[in-house]
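I opened the notebook to look up a few sites in this structure. Each entry records what I checked and what came back.

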Amino acid sequence: MTTSQVAPPLNIVADENIPGLDQWFGDLGSITRVPGRTLTREQLMNADVLLVRSVTEVNEALVARTPVRFVGSCTIGTDHLDTDWLESQGVAWSAAPGCNANSVVEYVFCTLAALDIDWRGRSFGIVGCGNVGGSLQRKLRALGIDCKIYDPWKTDNPDSASLEAVLAQDVICQHAPLVKAGPHPSLHMLNATALERIRPGAVLISAGRGAVIDNRALLALRKREPRFTTVLDVWENEPDIDLNLLQAVDLGSPHIAGYSHDGKLTGTRMVREALDRALELPAAEPADASQAPQAPLSTELSGFAAIRDLLLAMYNPREDDARLRAAASEAENDGVPMKVAFDRLRKQYPKRLEFPHYQLAQAPNLDDATRQQLAILGLK
Ligand SMILES: NC(=O)c1ccc[n+]([C@@H]2O[C@H](COP(=O)([O-])OP(=O)(O)OC[C@H]3O[C@@H](n4cnc5c(N)ncnc54)[C@H](O)[C@@H]3O)[C@@H](O)[C@H]2O)c1
Ligand SMILES: O=C(O)[C@H](O)[C@H](O)COP(=O)(O)O
């Protein structure tokens, strides 16, 4: 059966951690919610549609000889989908490109704020310049900040540079996907040699995929000489991350850079739109277009101190770091497996709203230039 021969009512099997399922898919049929990490082929024996997030490996072993005709991943990353196999079987698929890119960019600026690092006057290097890296690059340019980017598929970018040059900047932001084959694999692209190129006093923020950095090499370097500040949101072997590496980094989080409420809901909406196209259904009506009311913020501070405090009032990555370290202690002392604790943190993640939900109500000491910088970051 081809995708266009599948019509509602549909049997939909979905990762229980996808928000907005009823709003965006409830009109299409029945929804069975399952844990994405342990999803089995048996659970798909009556499914027309499979909806996942990044923790489900979707491949021949999971989908072969099931009625699934559409796979949607409500995420940016697609390394968990065997898209070649799906296409070879005529199974339509879609992810949600860019859905949480702004969330990741906000995470980068909030991380620097949490470290009390004034980004003005520092140079940035961006590894991977797609929706996330490109959005970060545009914001940096608008702020008048120098940046170099390494993206082997975007060599016409005006800031394009070698990986070596990018790693020599003051703040290095890793936003590459996990690519294991082809001319430009990213698996362990930041190996021991590459990591050695990072300057003393620099900052490395990794929010692409964990295995782009050789985690063992990073740990060895950190143990030998913690020359640069290291921030990891993504890890090798998630959810069973290396607790020694967590101890050795300056800030760590359980893969939540893209976990703004807005980013997650956008991912769900984008997959519904893709399903409508694949099934040739009329476009779905927005489930709830109402915007959250704007929350007022105020500061008596001026300059970077004001920017820092306002950003941290909206999102403070130190809270994620503290929760992850508490989970690691639980794993070490109370026998709760780290992979369970890591996934629990992600499942119970607090509702985080992006900057445009906030409004700068009172800030008597802010000059125009600082106000403009805040506006570029998304806070009006
Ligand atoms: N931490 C998080 O919560 C989070 C959130 C969103 C996305 N991500 C990850 O970040 C990645 C990037 O997101 P995006 O929206 O920018 O994706 P994207 O697909 O829009 O862009 C990826 C970019 O990486 C480039 N690229 C490919 N191979 C590369 C290599 N070897 N070296 C450098 N660049 C390379 C591509 O040319 C492309 O421009 C995603 O694939 C996903 O894995 C993580
Ligand atoms: O690829 C993405 O969109 C992000 O990495 C996303 O935040 C992953 O979240 P998960 O699917 O693991 O819940």
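I started with Arg209. I counted 24 other C-beta atoms within 10 Å of Arg209, so this residue is buried. The cut-off for buried is 20 or more. The model is predicted, and I keep that in mind for every entry.

Next I looked up where Arg209 sits in the chain. Arg209 lies in the loop between strand 9 and helix 8 (215-224). I then listed the contacts of Arg209, leaving aside neighbours within four places in sequence. The list holds Gly77, Asp79, Pro177, Leu178 and Val234.

I checked the record for Arg209. UniProt, in an unreviewed entry, places the feature "active site" at Arg209, Glu238 and His255. These residues span 47 residues in sequence, yet no two of their C-alpha atoms are more than 10.0 Å apart, so they gather at one spot.

I placed Glu238 in the loop between strand 10 (229-232) and helix 9 (243-248). Not counting residues up to four places away in sequence, Glu238 touches Gly210, His255 and Phe342.

I turned to ligand 1. I found 34 residues around ligand 1, and Gly77, Gly130, Trp153, Pro177 and Gly258 come nearest. Gly77 and Pro177 were already on my contact list for Arg209. Helix 5 gives the most, with three residues.

I found an open sheet of six strands in the order 7-6-8-9-10-11, with parallel pairing. Strand 7 (147-150) and strand 11 (251-252) are the edge strands, and each pairs on one side only. As a reminder to myself, strands of a sheet pair through backbone hydrogen bonds, either parallel or antiparallel.

Strand 6 (residues 124-127) pairs with strand 8 in the parallel sense over four bridges. There, Ile126 has Cys173 as its bridge partner, and Val127 has Gln174. Strand 8 also pairs with strand 9 (residues 203-206) in the parallel sense, again over four bridges. In strand 9, Ile205 is the bridge partner of Cys173.

Which residues cover the two faces of strand 8? I noted Val171 and Cys173 on one side, with Ile172 and Gln174 on the other, and all are buried.

The unreviewed entry places the feature "domain: Erythronate-4-phosphate dehydrogenase dimerisation" at residues 298-375. I found 60% helix and 8% strand over residues 298-375, and the end C-alpha atoms are 15 Å apart.

Last, I took in the whole chain. I counted 14 helices and 13 strands in the protein chain. The radius of gyration is 21 Å, close to the 21 Å that the globule rule gives for 380 residues, so the chain is as compact as a globular protein of that length. The C-alpha atoms fill a box of roughly 60 × 50 × 45 Å along the principal axes. Buried residues make up 43% of the 380 residues. Among contacts between residues at least 6 apart in sequence, 64% join residues at least 24 apart.

Technical notes: Residues are numbered from 1 along each chain as its sequence is written. Chains are lettered from A and ligands numbered from 1 in the order in which they are written. This is a predicted model: local features need pLDDT of at least 70, side-chain atom pairs count only at pLDDT 80 or more; totals for chains, interfaces and linings use all residues. The radius of gyration is taken over C-alpha atoms; the globule rule is 2.2 Å times the number of residues to the power 0.38. A residue is buried if 20 or more other C-beta atoms lie within 10 Å of its own, exposed if 12 or fewer, and partly exposed in between; C-beta atoms are placed from the backbone. Two residues are in contact if their C-beta atoms, placed from the backbone, lie within 7 Å. A residue is near a molecule or strand if its C-beta atom, placed from the backbone, lies within 6 Å of it. Two strands pair if DSSP finds at least two bridges between them. UniProt positions are given in the numbering used here, feature names are shortened, and annotations may be inferred rather than shown by experiment.
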